[in-house]
2 protein chains.
Amino acid sequence: LRLLVRHQAELRTRHGIAWRVTGVASRRLDWIANSQGLDPAELLRGEFPRPAAGLNDVRAWLRAARADVLFEASSLNIENGQPAVEHIRAALELGAHAITANKGPVVFAYRELSQLVAERGRRFLFESTVMDGAPIFAMFRDLPLVEVNGFHGIFNSTTNVILSGMEQGLSFEQSLERAQQMGIAETDASYDIDGWDATVKVCALANVLMGAKLLPPQVAREGIRSITAAAVREARAAGQRYKLVCRARRGENQAHATVRPELLPLTDPMAQVEGASSLVCFETNFFPGLAITEHNPGLETTAYGLLADFVRALA
Amino acid sequence: LRLLVRHQAELRTRHGIAWRVTGVASRRLDWIANSQGLDPAELLRGEFPRPAAGLNDVRAWLRAARADVLFEASSLNIENGQPAVEHIRAALELGAHAITANKGPVVFAYRELSQLVAERGRRFLFESTVMDGAPIFAMFRDLPLVEVNGFHGIFNSTTNVILSGMEQGLSFEQSLERAQQMGIAETDASYDIDGWDATVKVCALANVLMGAKLLPPQVAREGIRSITAAAVREARAAGQRYKLVCRARRGENQAHATVRPELLPLTDPMAQVEGASSLVCFETNFFPGLAITEHNPGLETTAYGLLADFVRALA
């Protein structure tokens, strides 16, 4: 919302887009809707009107808000992607574009939602789900005739920071604490440390870019718990680095993917990915290796991904 | 043409595009046109019909061919971009989309041609001019509200190969010979060695992505002739590499750009760019560093850039 407000004039003049916020919903706030528009300044100050009486599900809320676009940013359910899948489905069925930062709908329902998109003439966009809004999905939508045969990359910040910390002499626990202080790791960091975050991103990329039907349990996954600080420092002394590396490759019937610690030479571009930075390298029919690196994304980079999708949906 | 033929069915079914070749022109072949269509198989075998009588300029040729799209691939004129600028101008004025692999029109006439594009409702696309068809320009067209403040990168293969060869113990001349044997360097490689090729690419990127009006003589340019094999090997032994690095930055009134050998630590992603690979990293308002690396582009990668622009123009 802060970006929408800040770029209001450019959105209007450059892209012909005028907007108002007609609904807000969260577990805490419940379903708030006003099709006349809510005051963005009040919302940004955390001042919310009361939830509308009688609204108790996403469809009623979207109808009351007369939504043209839904920004979906609920938290990931790694079992089945709900309730985000239902949120997106509802938006598309009710004639709204659906934009999400939640990987669940992409991992668990990409085909079904793409079908809905084709039927309803609305857009389902999700650039913020992988690499904080760096234009991965957008790039491939504009690369006609390109077939992605595989990819590899570094997608998880917490494990990056922990491994770098151990190289510098910290213990695993000290490194994790530092990642938490940096605001990169959650209080319960096991989702990152055990490779689930990276795994879910691999599934999202594989399902969209290689037409796979990959679910998280089908990825050969190994986190970084087994890597000792001693092993990390020994590797570093020998000119190598441990990284949590993701790999996927198109197979006969199904994509094959791995997420696991790998020992990389310093000359591997993946070895240079630090902190919140990330990298993905695609093998395609026309480009043997086409890589995108996102260095030090800022606080607003993920939000930018949602904003860019908003403009794309309305273009 | 080979790619157009190979992907004929997909172009039709996926993109709704049918095509025929109605003209071919080169210094050697002169102006060949047949609005009924030329036989692609014959053209690919090098069998060309006689040039059409009475055709003696690009406009007459485009009219005789009834061109909807022009692929412009004449060689670069580093003084003023001609005759390619006139080829593109003619195409746009006669109602054809113009697609080029020639940096001249982008460097010398981007603003003027963009104005024509706006007036005539045709497209002027040039993805193959920088990094062999990797989607640089396409990516930024689809990054709304992004402002490029600067960029840096490695754009020239010949200097890459020469510097790597000297690291491995070859002399400058031996390295150059190897680059020529690899088909990377021209017989007269001074255009590469003295930094002109990289300079022209910097101007193309700056003019399109930062709205600059940068001409090659305005770039602070230094080639690699002054770098001795001894200096290269000494640097390598100390964990550093010489690379011909390009940098550009938005200025008050004009962009500032440099092309010169720089000593990079091995941990710099630019230090890992070898052979025909290339890298560009953009500093933007929303992405502190967004980099594209193209590893080992194949023979068809530049041609793919033209093909992709063809689909984009007709989409």
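At what angle do the axes of helix α8 and helix α12 of chain B cross? Roughly 75°. Keep in mind that this is a predicted model.

Let's start with that helix pair. Helix α8 of chain B covers residues 157-167, and helix α12 of chain B covers residues 229-237. Their axes come within 8 Å.

Who makes the contact? From α8(B), it is B:Leu163, B:Met166 and B:Glu167. From α12(B), it is B:Ala229, B:Val232, B:Arg233 and B:Arg236. Sort the α8(B)–α12(B) contact by class and you get 4 nonpolar residues, 3 charged ones and no polar ones.

B:Arg236 and B:Glu167 meet through their side chains in a salt bridge, 3.1 Å from N to O. B:Arg236 sits in helix α12 of chain B and B:Glu167 in helix α8 of chain B, so this pair links distant parts of the chain, 69 residues apart. B:Glu167 is buried, at 14% relative accessible area. B:Arg236 is partly exposed, at 32%.

Why pair at all? Side chains of opposite charge can pair when their charged atoms come close.

Now the wider count. Over all chains, there are 36 salt bridges. Let me pick out some from chain A.

A:Glu300 forms a salt bridge with A:Arg6, and their closest N and O atoms are 2.5 Å apart. A:Glu300 lies in the loop between β11 (289-295) and α13 (301-314) of chain A. A:Arg6 belongs to helix α1, residues 2-6 of chain A. So the pair ties together parts that are 294 residues apart in sequence. How exposed are these two? A:Glu300 is partly exposed, with a relative accessible area of 31%. A:Arg6 also counts as partly exposed, at 45%.

Next, a local pair. The side chains of A:Glu10 and A:Arg14 meet in a salt bridge, 2.8 Å from N to O. Both residues are in helix α2 of chain A, residues 8-15. They are 4 residues apart there, so about one helical turn separates them. A:Arg14 is partly exposed, with 46% relative accessible area.

Last, a network. Which residues does it link by salt bridges? A:Arg59, A:Glu86, A:Arg89, A:Glu93 and A:Glu112.

Notes:
Residues numbered from 1 in each chain as written. Chains lettered and ligands numbered in written order. Predicted model: local features only at pLDDT ≥ 70, side-chain atom pairs only at ≥ 80, totals over all residues. Heavy atoms only, no water. Axes fitted to C-alpha atoms, helices over the stretch in contact; angles between N-to-C directions. Helix = DSSP H or I, 4+ residues; strand = E, 2+ residues; numbered from the N terminus. Contact = heavy atoms within 4.5 Å. Nonpolar A, V, L, I, M, F, W, Y, C, P; charged D, E, K, R; others polar. Salt bridge = Lys/Arg side-chain N within 4 Å of Asp/Glu carboxyl O. Buried < 20%, exposed > 50% of the residue type's maximum accessible area, 1.4 Å probe, protein only.
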